[in-house]
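Me: I would like to go through some terms used for this structure. Please set each value against its cut-off.

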Amino acid sequence: MFTPLGLFKDVPCPEGQQCSLLTCIFSHKPVSSSLVDQSNSQNTPAAPEEAYESGPPSKKPRLETPPETAAQKAQPLSVPEKGVIDPVPASKGVTGSKPEQTTRRAGQLQSMTREVSPPTLRKEFSARKHGPPASGKGEARLPPRRAPRESLNPRMLPKAPATHGVRLSILTKLHAAMCALNERLAKEEGGTDNPLVLSPNELVTMALDEEEKAAKDNPSIYANVIKLRIVKLPKLSLEEWKKEVKAHLNERYYKIEPNQQNAQQKTLETGLSTKEEIAVASKLITPLEGLEQYGYVTGKPTKEEVESARRGVSESKGWEKCDRCGGRFQVFPGRREDGSLTTGGQCTYHPGKPYYPPRKQTDHITGAREAYFPCCNESIGTSSGCTKGSTHVFKVSESKRLASILQFEETPIQADKGPQQPVCFDCEMGYTTLGLELIRLTAVSWPHGKQLLDVLVRPMGEILDLNSRFSGVFPEHYKKAVPYNGTSSPSAAEEGALQVVESPAAARALLFKFLQPDTPLIGHAIDNDLNACRIIHPTIIDTVLLYPHPRGLPIRMGLKALAKKHLDRDIQTRGSQGHDSKEDAIATGDLVRVKASETWKILKSKGWRIEDSKLIPPPGTKDTAEDSKLGPGAGHKRKDTE
């Protein structure tokens, strides 16, 4: 018979005490203690015929089990309130019992009526507030971990990187290596009382999690990654194993917040003072001439261009191409008569970009692997999408059409202000009936990363989708937002209430307060942020150009990958909670600091020096980016020649 699932455990049994099932799926009331007194008052046990007059016993003893053992097994049937265990009839319906046995059992039952202290909870480390402690002594106690019961069998994936047999063999070896380390830890660190010693179920879950992650993240090199991991595990020290176990427990059971993880990261040190970093930053500025084809706007569209863009929008009658699924739909700025903003119904799409496995020399024999979507491991063409949006959305890229909505502005010269320190900024965008609009703007100082500005922005069009998966902006942010009061207020953001301005133009005006035309403005893929704000700024430092993709533009390295590679920092780890624009802005600025440090080493070796916060070239050397062999200039020039 199958094990009961407990669906009827709160339903009283229809047969009551007449039920004769060994494992009844219904609930039974605890047997009254008066039955024990009645059984103890009898000098001899009841005869079989008398015992069964009132119905069969609730539990039948096995024939080969001695009466005493059967009675003992039947004792702990229920645990009522206050931790007191109710006794059970000693031997109802059991033949061959002796008076002395009954008396002895009664004595045992009486001893069990004392209060029972709860079991000692397993020591755990407090991961949410204080982080994992260094040792198992004096640790905060948490409820026991509840690992799921799983078999050592690879989890099913829509697109597996290998056959089931291969995955099972790899998983078995991975689990065995983890078990060996777990046993070493148990022997040397105080046995199973140590919170870092995993139970059998936890070991299985950890092995399954790691194998599944490798299968999803590195499908093309899955076998190599796992085999190297299996070889590395036996060589780990106990301290290294502890760190990995803590990371697994935090992710699986305790869910440490990303901001707590980032708070523990080391401060970036470049070996340069603030003035020296700012001086070297002047060598990282990239001219935008020649980059217009990649989305960088270097001049304001003319009135004729703006008017032609407006005529084109009017003649198209609102028909657009969806930025997510590629379908055609109609959009109604200001709403249609029936209240609709768009046509086409729901949008089914893949939120991630398709992944194309690198080609191998053996592809002509084994066949090239199919491209697939990392978000769901579905091959291209086999699925229309794994995510649904309430409406279709679109993006405007042409500068003249962007200017038809809000005209571009050049950074003004502020005569009453002197030179300004570099500013690093990041923008978040959401979809509206006018395209992809600015909804949040964050600016921090460089190189310190001190917050200068962080505001929500009310878009000009009606909101279709806040793009929260990436923007990190949700409707509740607008509900809690307070009007901008003229000062930057980091404490308001910490309390969950951002300040809000009424338009992208108002946000742009606030950013201009920190800029002069010659102020270095730093960003990642800064053309998107500048176009969202409708800003033309002549002095920019773009990490996309500082760290170019090997194949050049328009292909770009992602900020998350660059931060991991050059800063050893994990960002954008909030999953469905989206990105944090302040975190992205600081990471972008730190990438520029790393590049400034590398650049200064090159310049210093060639005789450059810094005097009065200015770079002084060696005698007879021209002050050009080409002479200093900097990345930005060479980055797009090399690309253009390919």
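Reply: A crossing is left-handed if the near helix is turned anticlockwise from the far one by less than a right angle, and right-handed if clockwise. H20 passes H21 in a left-handed crossing. The model is predicted: local features need pLDDT of at least 70, side-chain atom pairs count only at pLDDT 80 or more, and totals for chains, interfaces and linings use all residues. Residues are numbered from 1 along each chain as its sequence is written, and side-chain values use heavy atoms, without hydrogens and water.

Me: Why are H20 and H21 called oblique to each other?

Reply: Helix H20 (residues 559–567) and helix H21 (residues 581–605) pack at an angle of about 45°. Angles under 35 degrees count as roughly parallel, over 145 as roughly antiparallel, 65 to 115 as roughly perpendicular and the rest as oblique. The pair is therefore oblique.

Me: What makes the pair of Asp209 and Arg155 a salt bridge?

Reply: The term requires a side-chain nitrogen of Lys or Arg within 4 Å of a carboxyl oxygen of Asp or Glu. For Asp209 and Arg155, the closest N and O atoms are 2.6 Å apart. Asp209 lies in helix H6 (residues 200–217) and Arg155 in the loop between helix H4 (99–111) and helix H5 (164–188), so the pair ties together parts that are 54 residues apart in sequence.

Me: How do you know whether Asp209 counts as buried or exposed?

Reply: Buried means under 20% relative accessible area, exposed over 50%, partly exposed in between (1.4 Å probe, protein chains only). Asp209 has 19% relative accessibility, so Asp209 counts as buried. Arg155, at 16%, is buried too.

Terms used: Axes are lines fitted to C-alpha atoms, for helices over the stretch in contact, and angles run from 0 to 180 degrees between N-to-C directions. Helices (H or I, at least four residues) and strands (E, at least two) are DSSP runs, numbered from the N terminus.
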